[in-house]
Amino acid sequence: MPRVRKGAARTRARKRILRDARGYFGVKSRHKYQARNAVIRANVFAYRDRRTRKRDMRALWITRITAACRMRGTRYSRFMNGLKLAGVNLNRKMLSQLAIEDPAIFDELVQISNEHSRATPAASSN
Amino acid sequence: MRRQTTFAKAGEVEKKWHVVDATDVPLGRLASDIAVVLMGKHRPEYTPHVDTGDFVIVTNASKVALTGRKAEQRLKMHYTGYPGGLKVRTFGEVREKHPERLIEDAVRRMLPKNRLGRVMLKKLKVYAGEDHPHQAQQPTPMQVG
């Protein structure tokens, strides 16, 4: 078997790693081994966080809808329940965007929700 | 991909001022309502990595309510680092001597423990008495409790 020489391949491999590690802190963007570890780790986080992003965003929308509801004297759970009973199928992303971009529509949604809710209207905002 | 969820931008958030009268309001209830406003969770454009909260002025901090026997029983302690350097005070004593401290402590512990949390805390202004030097900001009264 012929002897394999690695010069060019090795350079290429290092360059690929360092390219992916561009902008990292200190030695992680300059040295091959530290950069390789950092890149592997970064990819793990990226893979995981593409999944957790969906949950994080939903939690954010719920927080925002809660704020919008409390401004109008109701709560998140009552509001969502009322919408369901009313047959309104807007998802949480759209509801939170409406609360920011078109507060008047959200006012109406709260009203629709209150009308269809079986719970007695909240006495206070708490 | 078009981003469909709005994120508030630092510096573009319009901050309001609120004023709260702490007279006879239980400490914890007061603090949790204030913390929500400081964090900005009372607004539909709340963004976790940006400070979207408002300013809160608390007046009459010396008249905040401590329910049950907490004024005599519950202790504020801290250790100075010297031998035998444990300082102990009841909540009632702290309320008399440093009325601002009780509310500031309670609110601080309800805020996020990070850099942003420390920024948020700076928007809290607590005063022992009736008056505050923020008339120019035209604060609106806030409902608590």
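**Exercise 1.** State which residue forms a salt bridge with B:E45, and classify the accessibility of both partners.

Solution. The model is predicted. Step 1: B:E45 pairs with B:R43, and their closest N and O atoms lie 3.3 Å apart. Step 2: buried means under 20% relative accessible area, and exposed means over 50%. Step 3: B:E45 has 25% relative accessibility, so this residue counts as partly exposed. Step 4: B:R43 has 9%, and therefore counts as buried.

**Exercise 2.** Locate the salt bridge between B:K123 and B:D51 in the chain.

Solution. Step 1: the side chains of B:K123 and B:D51 meet at 2.6 Å, N to O. Step 2: B:K123 is in the loop between α5 (115-121) and β5 of chain B, while B:D51 is in the loop between α1 (27-39) and β2 (55-59). Step 3: the pair thus links distant parts of the chain, 72 residues apart. Step 4: both residues are buried.

**Exercise 3.** Describe the surroundings of B:H134.

Solution. Step 1: B:H134 is placed in the loop between β5 (124-126) and β6 (140-141) of chain B. Step 2: its relative accessibility is 12%; because the limit for buried is under 20%, B:H134 counts as buried. Step 3: a polar contact of 2.7 Å joins its side chain to that of B:Y127. Step 4: beyond neighbours within four places in sequence, B:H134 is in contact with B:W17, B:I57, B:K125, B:Y127 and B:P139.

Key:
Residues are numbered from 1 along each chain as its sequence is written. Chains are lettered from A and ligands numbered from 1 in the order in which they are written. This is a predicted model: local features need pLDDT of at least 70, side-chain atom pairs count only at pLDDT 80 or more; totals for chains, interfaces and linings use all residues. Side-chain values use heavy atoms; hydrogens and water are left out. Helices (H or I, at least four residues) and strands (E, at least two) are DSSP runs, numbered from the N terminus. Buried means under 20% relative accessible area, exposed over 50%, partly exposed in between (1.4 Å probe, protein chains only). A polar contact is a pair of N or O atoms within 3.5 Å; within protein, one must be able to donate a hydrogen and the other to accept it, and residues adjacent in sequence count only if both atoms are side-chain atoms. Contact means heavy atoms within 4.5 Å. A salt bridge is a side-chain nitrogen of Lys or Arg within 4 Å of a carboxyl oxygen of Asp or Glu.
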